[in-house]
Amino acid sequence: MTDFKAENWRSNSRPANYRHNAGEKIQCDLCPRHCELKPGQKGFCQVRGNVEGEMHTFNYGISVQATIENIETEAVNHYRPGSKILSMGNVGCMMACSYCQNWQTSQVKFLNDKNVHHYTPQDVIDLAIENGIEIISWTYNDPVVWQEFVVDTSKLAHANGIKTLYKSALYIEEEPLKELIEVIDIFSVSLKGMDPEMYKKQTKGELQPVLDRIKLIGQTDRHLEISQLVVTDLNDDGEDAAKTAIWIKENLGTHIPLHLVAYHPAFRYTKERTSIETLLKLREIVLDIGLEYCYLGNVYADNVSNTNCKSCNEKLVQRFGLSVEVKAIEDSIYSIPEDYQEFKR
């Protein structure tokens with residue numbers, strides 16, 4: 001990891017992409033928010049801004065501590081199950097969810113600079129290689145506002161035979177997403193809900209651009225899975241889960257896994273934690289609609305995250321919490337029999 005003074009990151013910057021002049025201002029074209037910034041101003045995310053008439057990024061290589069986890073922690077169950085990943089998380093965010101589970105780093109005004117680290121793209125690759133890790137995950141807050149660093153490092157990852165995973169709410173414009181599709185192998189999209197009013201009120205974003213971007217990924221050969229945080233009294237009555245399942249079925253296909261994830265009180269939303277009973281009810285709704293795979297996340301319960309063969313019901317992968325046991329995939333976690341090709345997606 002490169003030496004640097006943590007307290008200086010807020011004033012250090014470098015030119016950023018996806019912007020255009022708007023009179024005396026610069027408009028950011030990275031996310032649908034389209035912040036128009038005067039010189040010296042930063043955008044909603046607080047990590048992109050106008051520096052002397054140019055758009056700059058302030059968080060290139062700025063990260064929380066890199067960690068080693070299982071791929072399942074990213075709501076990805078159908079790609080190399082049980083694999084170790086190197087998780088990299090940025091600071092700042094283009095959204096401001098009232099129940100944000102990572103608010104101490106996503107909302108920059110609450111960030112403790114002691115938790116900030118700096119990595120170069122080569123640092124990240126070296127960490128992965130040194131630890132025998134074959135997948136780098138862009139995760140935690142949301143990597144959308146880390147675009148330049150994610151793209152540069154992902155290109156280097158591919159050059160070294162390392163796969164890349166992108167865990168995001170996908171509040172991003174089409175052109176930067178197309179750039180990501182070229183360098184990202186696995187997309188895990190957090191779809192906050194299907195009610196546009198709730199989406200806007202609770203996340204400060206818009207729903208339709210997210211749906212449009214998910215459909216764009218669905219038209220490619222990139223691996224895709226969808227997750228939804230089930231938040232008490234916001235989207236836990238069954239109606240939202242049904243709408244989500246129907247939308248996935250009609251726009252992506254029944255083979256795309258949906259992960260229903262338990263929320264816990266955080267940031268500005270303090271309703272009680274999602275109950276296992278609620279999650280089980282929603283899972284039944286989703287499966288009845290016709291999705292082939294619906295997993296429960298952030299809970300400890302039997303038979304809610306296992307993967308079974310759709311042809312013979314043989315248990316392929318057994319999961320409990322963060323424990324993963326690959327049972328019926330031949331050779332290794334990287335080799336899947338032809339009968340299970342739909343599972344490999």
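This is a short walk through one predicted model, from the whole chain down to single residues.

Some ground rules. The model is predicted, so to speak of local features we need pLDDT of at least 70, and side-chain atom pairs count only at pLDDT 80 or more, while totals for chains, interfaces and linings use all residues. Residues are numbered from 1 along each chain as its sequence is written, and side-chain values use heavy atoms, with hydrogens and water left out.

The whole chain, to begin with. Its secondary structure comes to nine helices and 19 strands; these are DSSP runs, helices being H or I of at least four residues and strands E of at least two, numbered from the N terminus. The radius of gyration is 20 Å, close to the 20 Å that the globule rule gives for 345 residues, so the chain is as compact as a globular protein of that length. That radius is taken over C-alpha atoms, and the globule rule is 2.2 Å times the number of residues to the power 0.38. Along its principal axes the C-alpha trace spans about 65 × 45 × 35 Å.

Of the 345 residues, 56% count as buried. Buried means under 20% relative accessible area, exposed means over 50%, and partly exposed is in between, with a 1.4 Å probe and protein chains only. Contact means heavy atoms within 4.5 Å. Among contacts between residues at least 6 apart in sequence, 67% join residues at least 24 apart.

Next, strand 11, residues 135–139. Five of its five residues are buried, so the strand is largely enclosed by the rest of the structure. I135, S137 and T139 are on one side, I136 and W138 on the other, and both faces are covered. In a regular strand the side chains alternate between the two faces of the sheet.

In helix 4, residues 174–181, the buried residues include P176, L177, L180 and I181. Seen down the axis, the buried residues of helix 4 fall within an arc of 145°, so they line one face of the helix. The arc is that of the directions from the helix axis to the C-beta atoms. What covers them includes helix 3 (147–159), strand 12 (163–168), strand 13 (186–190) and helix 6.

Helix 7 has 13 residues, 239–251, and at 1.5 Å a residue should span 18 Å; its end C-alpha atoms are 18 Å apart, which agrees. The expected span is 1.5 Å times one less than the number of residues. Its buried residues are D240, A241, A242, T244, A245, W247 and I248. They pack against helix 6 (207–218), strand 14 (223–230), strand 15 (258–262) and helix 8 (276–289). Just after helix 7, G253 takes a positive phi of about 120°.

Most residues other than glycine have a negative phi. K204 is not a glycine, yet has a positive phi of about 65°. K204 lies in the loop between helix 5 (196–203) and helix 6, and is partly exposed at a relative accessible area of 39%. Y18 is also not a glycine, with a positive phi near 60°; Y18 sits in the loop between strand 1 (14–15) and strand 2.

Last, the sheet that strand 2 belongs to. Three strands form an open sheet in the order 2-3-4, with antiparallel pairing. Strand 2 (19–22) and strand 4 (36–37) stand at the edges, each with a single partner strand, so one side of each is left without a neighbour in the sheet. Four bridges join strand 2 to strand 3, residues 25–28, and N21 stands opposite I26.

K25 is in strand 3 and, at 28% relative accessibility, counts as partly exposed. Leaving aside neighbours within four places in sequence, K25 is in contact with H20, E36, L37 and K38. K25 and H223 are 198 residues apart in sequence and 38 Å apart in space, C-alpha to C-alpha.

Definitions and conventions
Two strands pair if DSSP finds at least two bridges between them.
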